[in-house]
Amino acid sequence: MKKKKNNVVIIGGGIIGSLLALILGLNGFKVSIIDRQKKENFFFKSQSVKSYALNEGSCRLLSILGIWDIVKKNSQPITKILLQQGSSISSIQPFELKFTTDLKKSDHIFNMVEEIYLKKAIIEKIDECSNIEYLYSSKVIEQKIDNFSTKLVIDNGQILNSDLVVASDGYPSSSAKEAKIKYFDNNYNQSSIVGIFEHKIPHDSEAIQIFLPSGPLAILPLPGNRSSFVWTMKNNDANRIFKLSDLLFLKELNTALQNKRGKIEFESKRNMFPISLAFSKRLVKEKFVIIGDTAHKIHPIAGQGLNLGIRDVAALAEVLILSRRLGEDIGSSLVLDKYSKWRSWDVLSIVFFTDFTNKFFSNENYLKKFSSGIIFKLLNNSNTIKKYLMKEASGLSGDIPKLLKGENI
Ligand SMILES: Cc1cc2nc3c(=O)[nH]c(=O)nc-3n(C[C@H](O)[C@H](O)[C@H](O)COP(=O)(O)OP(=O)(O)OC[C@H]3O[C@@H](n4cnc5c(N)ncnc54)[C@H](O)[C@@H]3O)c2cc1C
């Protein structure tokens, strides 16, 4: 059997695992990254209909890696957000909450990027980095990690030893399960239907979120007269609507969207994702660390999951690179606890924020209590609160890692 000693082995080569591999590889670490998917899967448009609202911090990290230069031409800034209540209770006052920025100051709130372009650009950069070995179509069949060593056996017979194993294989994660990481979880009994459509009325860089009783509908602008939708609803409704013909589906979507974009037509196929909440009780063990969705799978209501994972990547990379420069053991709990302490508060606050927002807005009873819309009028009239919320959403508040400031480590 072929044996290889790395500094770091990453299980799961989604966007999060791949970004970490790239940063570490560019900083002199020997990295192996393992993903069960074929390389071609990352390049097929039909495999990927998701789009991401990337905040300012995430875009800065991508810029430092030279990825933003590649994806920028296919990105779409969001300069306005319209939050709207859609309710079946007639006594509830409809509310609208508007966030706007001045595009001339290049002061966008988010940047929309389609998953396919982002993954392609990351893989292009990984291919150029000789410190990274990407094992596609591969799975770990044996995982042994203790205080002194790590050993992963891959299904092609290869044995990988390393100073540290990082799990970024999403949720549920077989590597975290093997490492006996426990989770708090909650099934929302909701699914999101996702896709891309073309429309008649230009979006004018505006994102719309309509809070329907069964769950939120987000319409997110893409380059051209195109938008991505994330339509979250109870599982029963989602299963029924997902099975409709394109014509009937688009009719229902346009009704929910109140015809705000005029005539709409599908550009992509649609996909459905089950929605649940899961966050791990710990982020690290000796020689083992979890990042991205493996550590926290959250509701897509605020488009924060990937951004949160990118903050994990930035923090972990900074801790590992600085510790290695000091000659410390990067797999020791002394080093890994720094990452855990740095990330815990941000993770918990986003977990609770998204959970609360979904429960609050997807519930007619809650809405009844707030039918006067006073809170939203207050928010609408307070630029200070709006500015605060936009700063929080930008991923630039608190003690942020260097890469999110656009600085090298
Ligand atoms: C409908 C929807 C819309 C969203 N919109 C946004 C948004 O606008 N903005 C935002 O920030 N976030 C958004 N998110 C969240 C975002 O999709 C996730 O947070 C992000 O994709 C997590 O990336 P990841 O790399 O951690 O995990 P994943 O994307 O789950 O990647 C895991 C990788 O591990 C591989 N893998 C799994 N098991 C194994 C195994 N045993 N061995 C080897 N490889 C394995 C998989 O093939 C995959 O490549 C959305 C989520 C949903 C569901």
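The model is a predicted one, and every value below is computed from it.

**Leu 24 and its surroundings**

With a relative accessible area of 0%, Leu 24 is buried, because the term applies to anything under 20%. Setting aside residues up to four places away in sequence, Leu 24 touches Val 8, Phe 29, Val 31, Ala 317, Leu 320 and Ile 321. Leu 24 and Val 313 are separated by 289 residues in sequence, while their C-alpha atoms lie 10.0 Å apart in space.

**The ligand site**

Helix H1, which spans 15-26, also takes part in the shell around the ligand, as do strand S3 (51-54), strand S12 (183-199) and helix H8 (305-325), each of them supplying at least two residues. In total 30 residues surround the ligand, and the closest are Asp 35, Lys 50, Asp 293, Leu 306 and Asn 307. Sorted by class, this shell holds 10 nonpolar, 15 polar and five charged residues.

| Residue | Protein atom | Distance to a ligand oxygen atom |
|---|---|---|
| Asp 35 | polar side-chain atom | 2.7 Å |
| Asn 307 | polar backbone atom | 3.0 Å |
| Ala 53 | backbone N or O atom | 3.1 Å |

The ligand taken alone exposes 1000 Å², of which the protein buries 89%.

**The nonpolar cores**

The largest nonpolar core has 75 residues, and those with the most contacts inside it are Leu 19, Leu 54, Leu 61, Ile 67 and Leu 118. Helix H8 provides the largest share of this core, namely 10 residues. For Leu 61, leaving aside neighbours within four places in sequence, the contacts are Leu 19, Ile 23, Ile 310, Ala 314, Leu 403 and Leu 404. Apart from this core lies another, of 21 residues, which includes Leu 82, Ile 241, Leu 257 and Phe 266.

**A buried serine in a loop**

Ser 168 is found in the loop that runs between strand S11 (159-167) and helix H5 (174-178). Its relative accessibility is 9%, so Ser 168 counts as buried under the 20% limit. Not counting residues up to four places away in sequence, Ser 168 touches Ile 10, Ile 11, Gly 12, Gly 17, Ile 291 and Thr 294.

Conventions
Residues numbered from 1 in each chain as written. Predicted model: local features only at pLDDT ≥ 70, side-chain atom pairs only at ≥ 80, totals over all residues. Heavy atoms only, no water. Near = heavy atom within 4 Å. Polar contact = N/O pair within 3.5 Å; in protein donor to acceptor, adjacent residues only side chain to side chain. Areas by Shrake-Rupley, 256 points an atom, 1.4 Å probe, with all protein chains shown as cover. Helix = DSSP H or I, 4+ residues; strand = E, 2+ residues; numbered from the N terminus. Nonpolar A, V, L, I, M, F, W, Y, C, P; charged D, E, K, R; others polar. Buried < 20%, exposed > 50% of the residue type's maximum accessible area, 1.4 Å probe, protein only. Contact = heavy atoms within 4.5 Å. Core = buried A, V, L, I, M, F, W, Y, C linked by side-chain atoms within 4.5 Å.
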